[in-house]
Amino acid sequence: MRRTLLFIPGNNAGNIQNAGLFGADGVIFDLEDAVSLTQKDSALNLVCNALNMLNYECEKIVRINLDNAKNEILALSKTKIDSILIPKAEDVKEISKLIKYAKSLKAKIKILLLIETALGLLNSKELAFLKGVSALCFGAEDYTSQMGATRSDDNKEIEYARNYLLNVCKAANIDAIDTPYTDTNNEAGLIKDTTYIKNLGFDGKMVISPRHIDVIHNCFNPSLAEIIWANNVLEAIKKAENKKSGVISLNGKMIDAPIVNRAKNIIRKSL
């Protein structure tokens, strides 16, 4: 489950130490944008030591630097890391080589790709199907900057990119993770945005503020009405099977395989 993936600056020892206490489904230790050029090496050492010495009860992800990827992957492969987030993923051959290299060092490591350029979005339909990729994450700020788009409250400028990336992820059967909500003090806006992308089908959202975690979890957790509906659907299926009836309905509406799958997903997410 990746409802929330919280960014933690890789050069902040205090935040790294407390990263597992915020309740996110995963933490992303950031060695890229959050760390200046002069602190890259010390941040890598800090994150590696934390991964080996501290126990985090969530997925442990590290965003690496693309221009120093092999060196950082080699260092991280010797730690208790779960996943690597590769930024600015767009060149299929380059990313494929990095994935193979990471897998050769640590077979169970999972790969998440950050799609944040126009070319990355265009090539996401190939990137998503690379063996070992478990999620595509959408980075809207870099994407809209390159596109020359102006960010707005209704997010019209990223609607196409969101839907395209989501369709690719569903086709590849991997997680689709949405861009962070950057207005850290606008809870109503966060709820509106998260509810919107949840209803589209996204599996989760990257997070830049720990205060957003519970809000996003509440949006992704099934409501009581949804859970009651899902239990009623599964009960109707059970009764029909006992009666060996081929026609199944609930409150006058036919129940078919997609309805059953939706009900099962709701129950799974409620547990």
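**Paired strands and crossing helices**

Author: Strand β2 (residues 26-30) runs parallel to strand β3 (residues 59-63), and five bridges join the two. This is a predicted model, in which local features need pLDDT of at least 70, side-chain atom pairs count only at pLDDT 80 or more, and totals for chains, interfaces and linings use all residues. Residues are numbered from 1 along each chain as its sequence is written, and side-chain values use heavy atoms, leaving out hydrogens and water.

Reader: Why do β2 and β3 count as paired?

Author: Two strands pair if DSSP finds at least two bridges between them. Here there are five bridges, so β2 and β3 pair. Strands themselves are DSSP runs (E, at least two residues); helices are runs of H or I, at least four residues, and both are numbered from the N terminus.

Reader: Which residue stands opposite Val27 in β3?

Author: Lys60 does.

Reader: How many strands close into the barrel?

Author: Eight, in the order β1-β2-β3-β4-β5-β6-β7-β8, with parallel pairing. The twist averages 25° from one strand to the next.

Reader: What makes α10 oblique to α11?

Author: Helix α10 (residues 224-242) and helix α11 (residues 257-270) pack at about 130°, their axes 9 Å apart. Axes are lines fitted to C-alpha atoms, for helices over the stretch in contact, and angles run from 0 to 180 degrees between N-to-C directions. Under 35 degrees is roughly parallel, over 145 roughly antiparallel, 65 to 115 roughly perpendicular, and the rest oblique. So α10 is oblique to α11.
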